[in-house]
Each structure stands twice: as structure tokens, then as C-alpha cells.
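The sequence and coordinates are shown first.

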Amino acid sequence: MIRVTNLTKRYRDLVAVDDLTFEVQKGEILGFLGPNGAGKTTTMKILTGFMPASSGTASVAGFDVFENPIEVKRRVGYLPEVPPLYPEMTVHAYLKFVASLKGLPGKRIGGELERVANLTGVAEVMDRLIRNISKGYRQRVGIAQAILNNPDVLILDEPMSGLDPHQNREFRELIKGLAGQHTIILSTHTLSEVTATCQKALIVRSGKAVAHDTLENLTKTDPNASLEEIFIRLTTD
Amino acid sequence: MSSELEQAAVTGGGAAASLPGANAQPAPVRPVEAATEAAPAPGFVRGTWAITRKELNIYFTTPMAYVLLGLFIFVMGYFFAVDVQRYMAWTRNAEQMLQFNPNALGQLNFTDLIFAPLVYNAALIFAFILPFLTMRLVAEEKRQQSIQLLMTSPIGSTSIVLGKFLATCIVVLFAVGLTFAYPLLLDLVAASGGVEWQTALTAYLGLFLVGAAFVAIGMFISSLTDSQIVAGFVTLIVLLLVWIIGWAATAGNATGIAHDLAQFASAPNHLTNFVKGILNLGDLSYYLSLIVLGLFLTRSAIERMRW
């Protein structure tokens, strides 16, 4: 579903992503791990068609991100690190706007809004201004806009930040519920989230992949170590 | 009652929607997955319109548009009153001079003495208030990082720019529409003649074009920064410069090409013909070029954010 080949992104004198290659099968949930500044967000921005790579290719559902950005964008739901919200709008107006932005025909918008609102638990704040809702709700509205229009691929950049433990558990359930139909890449620092939701993990350090395997295989390498210990070992020199 | 109906409609729609994919996917365990395949990209017109509607929603759910429209109509009302007072004074003068100049009254008319200065003043007020509308257009999207949503959705940058421009032009159109009260009022009280509507409409077209050009300039400046304040302030200065550059050149005794260039760049100079009721291709293309240039530069600035 997602194929990244020799992807490299250079900013002026910094190599953010360095010759990264990986694949995500349909229906898989991939935990994208790495210390801050390891190139996770950059990789995600390239995959969503926000920015071009310096070299290498990336494709979603067989469409190249650079050659066919529109086809890629309509199949990808993206939640950036900072949820892309408009504080002046109500949750309802905002989600309606995103639905029309994604090309949903007017008569399907109502039902689709109800579906994502119930899924993400924002139904009770639909008529409030986004500026007045809590951080947890904002995060959920961010997730709601990503899953609007039921995209094949979900790219979630630290989706759990700002959620309290209750919401965290709900979110885990939500992600599991979306699995199978959707292919999901989610980046996080919370390793327990990865063990709870993902089948596979991709660990990057300084833009390079240092591990890409199922969680079982990762922990099998050293049966006495936790995922956290493995993560620390892989991402320090 | 109605919520039950909606519920039924939603479940019904969901069930029908899951049918095409039924053989490809195992039966859904949760109603979550019961949706059809992602909608096609919205296309140019619908994408642009989605952006326009969002901007209008923000303009009219925040006090901004109301405050600025109110301010605009208030200042315009003042100028209108002043122009009418002056007209009345001149009429009294002309009546006294009737024995020396029998045509004195005939030389006075609403269009030239009240309406024309009013349109100039409206355009100048635009230079003061439009920066407050345009300053947030792109700068705020950059600061809030909501621009990422727009740039990862299946619409092109042209739709983003055009949508924002159109929404702001609709607010400008509101402002222009509100000033229709003045010529209507003049027409009502006119003993004879009244307002020359053809001239008035041409003048309004010119006024709208000035506003649209200002919006395009302001939007471009807004796309260069992520601070609304900076964008608004710089836009105000640029618009005032465009307004006074002609006067400044004359006052500074500029000659030759410098003078000609300054006169050409000056926005009010190109309004003169419109206010007289003359549609001049050169004036029309001055404003249209400003608009196209502003939109094009904004698009380039947005595209550059990707790198």
C-alpha cells in the first residue's frame, strides 16, 4: 500500500531523511519510532504530498507522491503534529469544510460527519467553537478530520499527545477498529502505544532505518529486554 | 423523533454502502467500516468554492467583517454629509450669481459634486480597512499550521489562493453594495435629473476593482510572513504608497520618466475615467494586472512553503 524507496530529504546542510526504504502492506498498522529530529515528521510530510523529497521515491496505493499528488492526497488522511484547526470555527463547520475539501458530495456530508463524530467522541462538542474546547477534544477533532471520507491510508503524527489515559484507551480501540480496512502509519514516543496497537515497528535514527520488523521479532532478538530497552539501544550510539 | 429518523437513514445508508465491498472484505464487525470508497477529488471549482465558504464563515462568525463594514459605512456617511453640505452651499451661491451666470445652476450636478468625490473617498478608506481583512488570509494559516491541511488535501494551490481571494472580494462587494444607499438617496431627493445611473455603475465597477486589487496585494503580503500584525502593517503602508505616489511625484516636481511611471503606478489616477463613466481598457487592465500579479505571487509564495 505504501512503498518508500531510497527516500532522502536534505535541508540546506541537514540530512533529515537518509536513504530510507520500507513498505507497509494493506491493513497493517506501522508504529513509526525514533528520537525527536530523527526524520519521522519529514517522512510523513513527504508521504502526504506536503513536501517533495530530494531524491528517492514514495508511492501510496500505486500512485507516485510526486507525479500524482492529487490521487495520493485523496487516499490519505493526515493528522499533523499540530492539529490543523481553525479556532474561529465551530467543530461542525470545520469538519464540514474538510469534508467538502476532500470532495465529499453534499448529500453524503451529513452522514459522514455523524460517523466520524461518533467514532472520535466529538459529537457533544459539534456546535462549540474550536477555540473553546479542551486540548484533548482538539486532538480528537484532528483525528476526526483525518478519517473523514474514509481514506485508505492514515498518517498520524503523534496522535496521542494531549489525550488523557481514558481518551488514550478509547483511541487505541479506535485505531484497532480502523485496522484491516485502513493502512496506518503512526508516529509516537509512547512505546506502550506501539505494543498496544501496532503489528510492526519501524525505528529510525538520524534519518536512517535501524529496525523494521514485527514486534514479536523485535523483542525476540533479546528476550530479556523490553521494547523500550531495545529502542534505547538502537537509537543511541 | 427526528433523531430516530436520522439514525435510520444513517444505518440504512451505511448498509447499502458496504454492499459493493462485501465480497472483498470480511463482514464489518463495527459500523465504523461501513463507508464507501473515498470520494473523488473535488475538482477546481468545488475546491475553490470550499475554500471561499470557509473564509466567509470565518469573516462572518468573527466580528471582523461587521466591525470593518460598520466602520466603512460610518466614515462614508460622514463624507457623504460633508459633500451634500458643500453642494448645498454651492447651490445657494449659484442662485445668488444667477444674474451674472444664468447657467450656474445647470453646471452643478449630483454625480460630479457628490458622487465622484464619494467614490474616491471610498477607495481611500479601502486602503485603510482592507489590510485588516487580508492580513490573516495566509499568515494565520501558516502560524496555526492549518496550511498543512489545505496543502495535503486533493485541491491545487490555485484553488486555495483563488478561494481566499473570492471570499474577500465578496466582503468588498458587500461594502460597495452598502454605499448604494447614497446615490439612491440623492436620486430620491432630486428635483430634476437625479443621479446618472450609468455613470454611477461604472464608478462602482472601478471602486470594486480598486478593492479587489488591494485585496490581491494584501493577500500576497500576508503570504510572506506568519505574523498577521506585520502583514497588516506592511499592507497598509504599501496601499497608501500606491495611493499617494502620483501626488507625491507631482508635489516633488518629478519630471520625465520618473513622473510618468509614478503617475501610472498611482491607483487613483486609474479611477478617474471610471468615475466619469468611461470604461477605458488601459485603466481596466491596470487593476486586472494588479489582481493577476497578486494572485500569481501568492501562489508562488505558498508553493515555496513546500521546500
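The model is predicted. Chain A is assigned two parts, domain 1 (2-75 + 153-235) and domain 2 (86-150). Chain A also forms an interface with chain B, where about 3,900 Å² is buried.

**Domain 1 and domain 2 of chain A: extent**

- The C-alpha centres of domain 1 and domain 2 of chain A are separated by 25 Å.
- To this contact, domain 1 of chain A brings 15 residues and domain 2 of chain A brings 11 residues.
- About 1,000 Å² is buried between the two domains of chain A, and carbon and sulfur atoms give 61% of that area.
- On the side of domain 1 of chain A, the greatest losses of area to domain 2 fall on Q167(A), L174(A) and H182(A), which together make up 34% of what that side buries.

- The interface of the two domains of chain A has 1 salt bridge by the rule applied.
- A salt bridge joins the side chains of E170(A) and R140(A), with an N to O distance of 3.5 Å.
- Polar contact links 2 residue pairs across the interface of the two domains of chain A, with both residues at pLDDT 80 or more.
- On the domain 1 side, β7 (153-157) and α6 (165-178) of chain A are the elements that give two or more residues.
- Of these, α6(A) provides the largest share of that side, 5 residues.
- By class, the domain 1 side of this contact holds 7 nonpolar, 5 polar and 3 charged residues.

**Chain B and chain A: extent**

- The contact between the chains involves 37 residues of chain B and 43 residues of chain A.
- Carbon and sulfur atoms account for 58% of the area of about 3,900 Å² buried between chain B and chain A.
- Q148(B), L149(B) and T152(B) contribute 15% of the area that chain B buries against chain A, more than any other three residues.

- The elements giving two or more residues to the chain B side are α1 (2-18), α2 (43-61), α5 (139-144) and α6 (147-151) of chain B.
- The largest share of the chain B side, 7 residues, belongs to α2(B).
- The chain B side comprises 17 nonpolar, 12 polar and 8 charged residues.

Conventions
Residues are numbered from 1 along each chain as its sequence is written. Chains are lettered from A and ligands numbered from 1 in the order in which they are written. This is a predicted model: local features need pLDDT of at least 70, side-chain atom pairs count only at pLDDT 80 or more; totals for chains, interfaces and linings use all residues. Side-chain values use heavy atoms; hydrogens and water are left out. Domain bounds come from an automatic or database domain assignment. Contact means heavy atoms within 4.5 Å. Buried area is the accessible area (1.4 Å probe) that two parts lose on being put together, summed over both. A salt bridge is a side-chain nitrogen of Lys or Arg within 4 Å of a carboxyl oxygen of Asp or Glu. A polar contact is a pair of N or O atoms within 3.5 Å; within protein, one must be able to donate a hydrogen and the other to accept it, and residues adjacent in sequence count only if both atoms are side-chain atoms. Helices (H or I, at least four residues) and strands (E, at least two) are DSSP runs, numbered from the N terminus. Ala, Val, Leu, Ile, Met, Phe, Trp, Tyr, Cys and Pro count as nonpolar, Asp, Glu, Lys and Arg as charged, and the others, Gly among them, as polar.
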